[in-house]
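Student: I have the chains open in the viewer and would like to go through the terms used for them. Please set each term against its cut-off.

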Amino acid sequence: MKFLINLGLLILLAALIAGWVLVPWWGAVALAVVVAAWMLFTRRGKQAASVTAVGVSTLRQRLGSASVIVIGIAGVVGVLVALLAMAEGYSQTLRKTGSADTAIVMRGSSASEVMSVLDHDSVVLVPQAEGIAQDAKGKPLASPELVVAANLPIKGGTADDEGSVQLRGVGEQVWAVRPEVKIIEGRKFNPGMRELIVGKGAAKQFAGMVPGHEIRLGNQAWTVVGVFAADNAMDSELWGDASVVGDTYRRGSSRASVTVKLADPSKYAAFKSSLEGNPQLKVDVDTTLNYFNKQSEGTAKVIRIMGIVVGLIMAIGAMFGALNTMFAAVAARAREIATLRAIGFRGLPVVVAIMLETMLLALIGGVIGGLLAWVIFNGYSASTLAQGTVGQLSFELKVTGALLWTGIKWALAIGFIGGLFPAVRAARLPVTTALREL
Amino acid sequence: MKYLHLIWAALFRRKTRTILTLVSIITAFLLFGMLDAVRTSFNQAGQSANGAQRLQTGSKLSFIQTLPSSLGAQIAQVPGVKMVTYANWFGGAYQDPHNQVFSFAVDNNYVDLYPEMDVSAAERKAFDDTRTGILVGEKLAKRFGWKLGDKIPMQSTIFPNRQGDKNWSFDIVGIIHSKDKKAGGFYDQLMLLHWKYFDETTPYNQGSVGWYVTRVTDVNQADRVAKAIDAISANSDHETRTQTEQAATASWMKQLADIGLIVGSIMGAVFFTLLLLSGNTMMQAVRERTSELAVLKTIGFSSGSVLGMVLAESILLVLLGGVIGLGLATVMVPAVAAGSGGMLNLPGVGANSWVLGLVLMVAIGLLVGLLPALRAMRLNIVDALAGR
């Protein structure tokens, strides 16, 4: 019988947790309102509220064991939110790089820009397609770009400590195609010169990235003339004139991709079909929004899965910690609970009271963990070798409201499980036995 | 040792509490084992005796820049060089562009430089004789269900063939086995094709080489040889950068992620929580046994031995949970690696992790037990028996 009840509880739990994962924040608020209303307006509810009040008021006497729940859950939520924030920051940085009104053209079947090669004819043909926005002089807004890598010394490292950075040779229209790129220090590079501008992310990571400084690419000297900010993945790049970069890297007049500004996002279909209908071209077309989204998928998924696995294992640990504390609390108050039941309180208010107490502690833990993660990790910069690029991508961890909510949901779920079993035990203990217990 | 029975009985005096605490400790050390395996796999990459003997020469400009194939003969002339081979990145994918395969277009003698790769003599000969032949790693073959003698289509995400078509066709003529299965490494996930076939089939390569691999005769000479190799192309338009395989891999891993920091901070959070949790358990255990401890002292146990017993109890608790957790990790890590179909490559939980784990267990046990043990030691018999 006891086994059956426990089994039933477990199945109920699994169903509840599965439902809980899907609940949006307003669902949880509605749930809280319903519980509050029940506690205010029904007889049972009022009983539950008063038992809860008694339990909560005794919390101060068992601060030590209560803090096990709070800190245990704060740890789980902190680590979970930090790892998810890493995935979020990474994919946000890449997602922001694209937009619906710019399109990228690469050679067919290329997984990313670095792997693509467009010959000179294609580079000339692409800007003639339909749907591209034009500047005041009637020239299409298209930037044929070359993406290569450069080995540069890492800031703060030894002379031999080199990292890889993505170097993008851009066309002259690039400022119109990518208006989000702003020079924040120095000036733009001059076409035809060995001059570079560096993204602010790259400037933080590599040595010598200040205007006026000379850096060596292979055996050539290039001058850094400016620093730019785009607040996206471009920040991790170095930019120069495509034709000069092409010379240095012996790429001749071939390019990796052409990025164009569309007259209007709705013109994308026309642009795509005009290129695909051209028998001289073998290219893949995508909006940059879609392209960079796809680039971020793999890595972000890996980080997210890692975060959830680590979070789950920690959650199991914290859950047993909570169970332990609440079993101890119930045991310590066994007489008190039995007395309540002897004078006519039913089982339900007792169960609710203990569950609420645990979930309150869990909520505090979740909030502390989420806040800690936010204070320490929001805006924390990290970097990795991004998929589909050849350089380090620097990004900032983003602790968003949605992530904090996820953390609090986890905390409440742990508190729910941690409180349920002790609560049921308290309600089921025979009154006479409990009263006799010391 | 003669008190073990007593300590054991005290530990399981409250079964529920001890078991719940044990589960928490088990999960903490399970996590420790898994994360430490990840950390070790990052740290150990390239750190082998064979790795120290091999030099990698790539373009100084960047790793995607190619080198002229004439350089190979010049490198072979450098004193101290035993053997030279070269390779190109092929960027292969099977069926779907997402099924990326580690695939290199290599010179015939590539396998000779990597004694870690085990290819039977007959298969090696078949590879040399078949223009479209490829050698594939054991795990890779298993992942896609390939067999010896299969003809497989393969896409290159970088190089189309002369018809502008991305589809290449290869014959599997040999299987690469990893010599040291425990060492991890990715040799059994490689696919090797002939550089010659590659160069003749794609119009985009034109005789260039991605990187050279050199085996030196004497490890101690590696630095000198590396400098000599770089000197060959100094001031040309294809300057090179030569590093030992160890250094090159370490630099890649460092760029990929600061794994040490991530693992360190997660473990910090976990162990801090664990400290608190088991500390609370021990406090409770000692508090509720106050009168029993007083009885022990009354019948002649010294304060010192009471202290020792409580400490031993907490160490035993953490050790018990820790060993089970780390044992679980030892079993689970290879299972996870196998289950991922070669996507995740983790070495098992090694002796180092076990030693570190055991030291941590004892340290945590001591820390956790210290306060309750001191309390038990200072117990005043009269007060304790009176329940004051």
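Student: Which residue is the bridge partner of Glu214(A) in E7(A)?

Tutor: Thr223(A) is the bridge partner of Glu214(A) in E7(A). Bear in mind that this is a predicted model.

Student: What makes E6(A) and E7(A) a pair?

Tutor: Two strands pair if at least two bridges are found between them. Strand E6 (residues 214-217) of chain A and E7(A) have 4 bridges, in the antiparallel sense, so they count as paired. The hairpin of E6(A) and E7(A) has 2 residues between the strands, and Gly218(A) takes a positive phi near 65 degrees there.

Student: Which sense does the pairing of E5(A) with E7(A) have, parallel or antiparallel?

Tutor: Strand E5 (residues 195-199) of chain A pairs with E7(A) in the parallel sense, over 5 bridges. Gly199(A) stands opposite Phe228(A) in E7(A). Strand E4 (residues 182-186) of chain A pairs with E7(A) in the antiparallel sense over 4 bridges. There, Glu185(A) has Val227(A) as its bridge partner in E7(A).

Student: How do the side chains of E10(A) point?

Tutor: They alternate along strand E10 (residues 283-287) of chain A. To be called buried, a residue needs 20 or more other C-beta atoms within 10 Å of its own. E10(A) also pairs with strand E1 (residues 102-107) of chain A in the antiparallel sense, over 5 bridges. One residue of E10(A), Thr287(A), is the bridge partner of Ala103(A).

Student: Why are H1(A) and H13(A) called roughly antiparallel?

Tutor: The axes of helix H1 (residues 2-22) and helix H13 (residues 401-428), both of chain A, cross at roughly 165 degrees and come within 11 Å. Angles over 145 degrees count as roughly antiparallel, so H1(A) and H13(A) get that name. The crossing of H1(A) past H13(A) is right-handed.

Student: What residues meet there?

Tutor: From H1(A) come Leu9(A), Leu13(A), Ile17(A) and Trp20(A), and they meet Lys409(A), Ala413(A), Ile417(A), Leu420(A) and Val424(A) of H13(A). By class this contact has 8 nonpolar, no polar and 1 charged.

Student: How do you know that H4(A) and H11(B) are roughly antiparallel to each other?

Tutor: By the angle again: the axes of H4(A) and helix H11 (residues 259-288) of chain B cross at roughly 165 degrees and come within 9 Å. With the limit at over 145 degrees, H4(A) and H11(B) are therefore roughly antiparallel. H4(A) passes H11(B) in a left-handed crossing. Among the contact residues are Gly64(A), Gly72(A), Gly75(A) and Gly78(A) of H4(A), and Ala269(B), Phe272(B) and Leu276(B) of H11(B). The contact of H4(A) with H11(B) divides into 10 nonpolar, 8 polar and no charged residues.

Student: How many residues does the contact take from chain A and from chain B?

Tutor: It takes 43 residues from chain A and 42 residues from chain B. The elements that each supply at least two residues of the chain A side include helix H4 (63-97) and strand E2 (142-153). H10(A) gives the largest share of that side, 12 residues. The side of chain A that touches chain B has 23 nonpolar, 18 polar and 2 charged residues.

Student: What makes Ala285(B) buried?

Tutor: Ala285(B), in helix H11 of chain B, has 23 other C-beta atoms within 10 Å. The cut-off is 20 or more, so Ala285(B) is buried. From Lys82(B), Ala285(B) is 203 residues apart in sequence and 67 Å apart in space, C-alpha to C-alpha.

Student: Why does Arg250(A) count as exposed?

Tutor: Exposed requires 12 or fewer C-beta neighbours. Arg250(A) has 12 inside 10 Å, so Arg250(A) counts as exposed. Arg250(A) sits in the loop between helix H8 (242-248) and strand E9 (257-261) of chain A. Phi of Arg250(A) is near 50 degrees, a positive value in a residue other than glycine.

Student: And what makes Gln206(B) exposed?

Tutor: Gln206(B) has 10 other C-beta atoms within 10 Å, so Gln206(B) is exposed. Gln206(B) lies in the loop between helix H8 (195-201) and strand E11 (208-209) of chain B. Gln206(B) is not a glycine, but has a positive phi of about 50 degrees.

Key
Residues are numbered from 1 along each chain as its sequence is written. Chains are lettered from A and ligands numbered from 1 in the order in which they are written. This is a predicted model: local features need pLDDT of at least 70, side-chain atom pairs count only at pLDDT 80 or more; totals for chains, interfaces and linings use all residues. Axes are lines fitted to C-alpha atoms, for helices over the stretch in contact, and angles run from 0 to 180 degrees between N-to-C directions. Angles under 35 degrees count as roughly parallel, over 145 as roughly antiparallel, 65 to 115 as roughly perpendicular and the rest as oblique. A crossing is left-handed if the near helix is turned anticlockwise from the far one by less than a right angle, and right-handed if clockwise. Two residues are in contact if their C-beta atoms, placed from the backbone, lie within 7 Å. Ala, Val, Leu, Ile, Met, Phe, Trp, Tyr, Cys and Pro count as nonpolar, Asp, Glu, Lys and Arg as charged, and the others, Gly among them, as polar.
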